[in-house]
Amino acid sequence: MDEWKHNPIIKPHKKRSWYLAWKYKLMNQRALRKLCQTGAVLFLLVTVIVNIKLILDTRRAAYEEEEESAQDYDDEMLNVEAPRHPVSNKKVLDVEVYSSRSKVYVAVDGTTVLEDEAREQGRGIHVIVLNQATGHVMAKRVFDTYSPHEDEAMVLFLNMVARGRILIFTIKDEGSFHLKDTAKNVLKSLGSQVAPFLSWRDMWTFVGKKGGEVYGEKHAKSPALSTWGDPVLLKTEVHLTSVEDAECHWPDTELNRRRRRFCSKVEGYGSVCSCKDPTPIEFNPDPLKDNKVFDVPVAVIAGNRPNYLYRMLRSLLSAQGVNPQMITVFIDGYYEEPMDVVELFGLSGIQHTPISIKNARVSQHYKASLTATFNLFPDAKFAVVLEEDLDISVDFFSFLSQSIHLLEEDESLYCISAWNDQGYEHTAEDPSLLYRVETMPGLGWVLRKSLYKDELEPKWPTPEKLWDWDMWMRMPEQRKGRECIIPDISRSYHFGIVGLNMNGYFHEAYFKKHKFNTVPNVQLKNVESLRKDAYEAEIHRLLGEAEVLDHSKNPCEDSFVPDTEGKVYVMFIKMEQEADFTTWTQLAKCLHIWDLDVRGNHKGLWRLFRKKNHFLVVGVPASPYSSKKPPSVMPVYMEPPAKEEGAVAVPAVAAAEQT
Amino acid sequence: MQKVNKNVVLAVLSLTSLVFLLFQLYYYKFYLSQKNGAVFSKARGSQSGQDSTRWHVVRKFLGLISSHNIPVYLIDPLILGLIDKDIEQIRSSSDGPSPECKYFCAPRDFTTFALLDKAWKHEVGLFRTAEKMGFQWLTVLNKDPRLDGMDDLSGTEIPLHYIFKLASHAIHLVVFYERSGNFLWHGPLRLKQHMDRKFVPFRKLHFGRYPGAYEKPELLLVSIDDLKVQIPKNPSSFLEEMSHSRFLECRYREARAFFQVYPDDASVDAVEFRKRAKSLLHLAALTLNNLGVKFWLSSGTCLGWYRQCNVIPYSKDVDLGIFIRDYKADIIPAFQKAGLPLKHKFGKVEDSLELSFQGDDDVKLDIFFFYEEDDFIWNGGTQAKSGKKFKYLFPKFTLCWTEFVELKVHVPCETLQYVEANYGPDWKVPVKTWDWKNSPSNVQYNGVWPVDEWDEVIQIY
């Protein structure tokens, strides 16, 4: 634009002398002059016309374009989102913390970030972590320090929080009964003056920066054992720092970009967010040779337990032969933090609008997840189903790769599961050994697409039926006499303590001592003998070589099995008909294995290990293997304790429990 | 003096004009042709400069793609059309240098490639390299239709289209996804509010106005215009497929609303019937596809798809429609060979033809033949005992693909009109007792078959 404004003025001046000479020369040639003038006028006209055309063209083009893009290709979903930055550009946060017997709340700049006044819930110390630069809530936890071991979990959590974060504490109901000195000292080191002296039913609030200043603390002592301290309300101000100070300076790579996003949002994941030498988020385990399950989709069923999910995905991504491309995490509900964890590992996550309640909600989530898995991977013949509270063995995929062809070829199989219900530290021994069992253990298993599409999906329990999906799958109408293949030593470990059907006591009694394989590349033994008929031959061979134990001794005693290694023993118990598990249940109880319902049986036969010997239990006369019993042997009968009859409710272990 | 002034003025004006003209040329060349090459490149005709630009852009793009090991194949209808003319020659010719740039220099605004989603890992690195090479790019994301089933799932949005722009040419990369009916699907191109509507003239794109369904193509690696590129093995059949590729998604949201009002029947009988109907439909589709006969879901089966995205459990049969012009005498023997004996045959090819085959376990397969008139389409019905003829009228319709019980099948694109013609405005209300002679709202009495023809037009087995 500038050019043509200046030029006309400058150029004639420059050219004046040349022009004058030329003009006088031509003075007398009027005709020529006329011609020149006409030429110039014509030239001007042409310019004007071209100009007008240009303007028209430009306008038309612009108009067409607008029209084009306006129609057809517009997304009908016009979601106008005004991004809200509640605490941006503010230097100071107003924090309000309330502690009382029946209610706690925390408000940051007028926004309530925690409110709990539910009865019989949320007892203990509530902890909130805020980002020191933005004021966003990064973690919210409650530790029921009235109960044992919860203080240890709190110490663990507080240690994982990065320096500089803002910590808010408040007690609901009672938080001191099992608050040990270690925990009190940690609180003291955070700057709390009151923590070391916290006692029964005291109310307490505290706001401070980890490794820095204290913004406020309030405390109300309980006057007597039977009463609570007065409610306390702490109002204080917190000064925010700059974003640069709040973040680590990792090299700028794709992985670190994911890490940065994650670490600026959530807290409580420890070293993955440490500025110095953070834990890797990519594992690159060895690939498997001839991996038969490389293209099998893996569905991870998750709820809102992001810490569990984090632990689970770490172990899954470290397993040899894993293919991250095939993993999808299904989250039951629109929870942000589990999704953040999924994105940290660069996996794909899908959220599911919760349908129904309790067990039915889990069951509907399962159905939606399985349907979606087979939709997303239409070529897949199988799907691996995992839950968020499982550790995955390093040879999980190797185990499946060696056995999956059985599921394809043997119609009498229902599933392959990584979990042996009876595989405890003292009852499992051989990582290369597989069994066939009539019960479906779940907890890391492979589902055949045809089974799901043709049988299970069309009649899956509807939302109003409050059934456990796994109980439903175990029902004879669904199982139709088919069996599952399981390993002797489990390839998954159930670490979840919090859950729908789960609590600390239950976990300690039935899950903690479960054996978990840590040996890589285990070569499975005799996989072909797991086929329907071959397995029968195998069992008969085993029973043939087995030594019959002395039935006069107490089977619960250790001395029942001789102090040998690597031998095969058999015992016979009373089992009047197929569903008579009276003696088995008592035996399971005294052997400290799963006794809440019958698991791990195959035609009235159980296989486990005792003192490193293979130990077979045959139910007589219901089992077809009863014929192996020498006539002289009297099957063991154990009577159930009379008082407990009918009083024990059998808790089901649904897998994706929700808190 | 006056005259001198006049000359001076004229000269000044001329100079100004000259500057103006120069500016306009500059404007044409650098501003407009780049921003909207489409509109203006045509006016400039096939200048060699422009031609080689296209070739260069394609070459750069192929380089970019192969450096990231991403397999793409050419689906540009324009170029495939040109290739198809010389297909024999191209197939047989070896890698020798080609004398002229025949295909990739052809005048056009875009070159379109396809990418199988399965074949790449969504690496961000690709886009960084693209930027370094001078490409501007745009991604069109949208909801994943594979999650749109009966349950409320929402995943991360998936990329449906990529556009890479360099100078005055753009590459349109269409992402194809595998769907459960064992076919490939690409999504529609819809711009979100914040997107640059003028990035390219979107309306001129060959893919994206509607979603599309395709068979998995067999590919062929060819060398054309000195570039190695994968193309569909049979370009002409691909182009033919492309012209009828429009895909309709089932209306899952409406189906959910329907089941809210009328809960689904989950009884053993219903489950069993659905299973049988599904396998019968799979068998019928296989048989007809092998014969190359185009068919669509009709009557109750179409209603089931449209209203509840599933087989209606009390419908007792599977209904298909076929245009009479697609009729083949082999149809009956082919079904018999597939294990479906003929149950009855009404009418004749010239009038009101209707076939019925007996599937396993009491499920019947009804095939209605449709006759096209100038402003409507009809099919016929015959009452066996009286020889009465009926006529069912439908407004004109075209065929679209859809996915139904894990099958890629046709349905009328104008499904609502079709269903309404058949079932009236209250089609949303389930009716369990259906009389095919009176209940349909489009039925017309059509006289009686002459008695001497009965042996031919009423055959019951």
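**Disulfides and ring pairs, explained**

A search of the whole structure, a predicted model, turns up seven disulfides over all chains.

Trainee: What makes Cys263(A) and Cys273(A) a disulfide?

Mentor: Their sulfurs sit 2.0 Å apart, and the cut-off is within 2.5 Å, so the pair counts. The torsion about the S-S bond is -90°, and the link is left-handed. Cys263(A) belongs to helix H7 (residues 254-263) of chain A and Cys273(A) to the loop between H7 and strand E10 (298-302), so the bond ties together parts that are 10 residues apart in sequence.

Trainee: Why is the disulfide of Cys400(B) and Cys413(B) called right-handed?

Mentor: Because the torsion about its S-S bond is about 100°. For Cys556(A) and Cys590(A) that torsion is about -90°, so that disulfide is left-handed.

Trainee: How do you know whether Cys556(A) is buried, exposed or partly exposed?

Mentor: Look at its relative accessibility, which is 26%. Buried needs under 20% and exposed needs over 50%, so a value in between means partly exposed.

Trainee: On to the rings. How many aromatic pairs are there over all chains?

Mentor: The search finds 54. One of them is Phe396(A) with Phe397(A), at 5.2 Å centre to centre and 85° between the planes.

Trainee: Why is the pair of Trp296(B) and Phe397(B) called edge-to-face?

Mentor: The ring centres are 5.3 Å apart, and the planes meet at 70°. Trp296(B) is in strand E11 and Phe397(B) in the loop between strands E17 and E18 of chain B, so the pair ties together parts that are 101 residues apart in sequence.

Trainee: What makes Arg251(B) count as lying over the face of Tyr306(B)?

Mentor: Arg251(B) is at 4.0 Å from the ring centre, and the distance limit is within 6 Å, so that part of the test is passed. Lys574(A) has its charged end over the ring of Tyr637(A), 5.4 Å from the centre.

Terms used
Residues are numbered from 1 along each chain as its sequence is written. Chains are lettered from A and ligands numbered from 1 in the order in which they are written. This is a predicted model: local features need pLDDT of at least 70, side-chain atom pairs count only at pLDDT 80 or more; totals for chains, interfaces and linings use all residues. Side-chain values use heavy atoms; hydrogens and water are left out. Rings of Phe, Tyr and Trp (its six-membered ring) pair if their centres lie within 6.5 Å; planes under 30 degrees apart count as stacked, over 60 as edge-to-face and the rest as tilted. Helices (H or I, at least four residues) and strands (E, at least two) are DSSP runs, numbered from the N terminus. A charge sits over a ring if NZ of Lys or CZ of Arg is within 6 Å of the ring centre and within 35 degrees of the ring normal. Buried means under 20% relative accessible area, exposed over 50%, partly exposed in between (1.4 Å probe, protein chains only).
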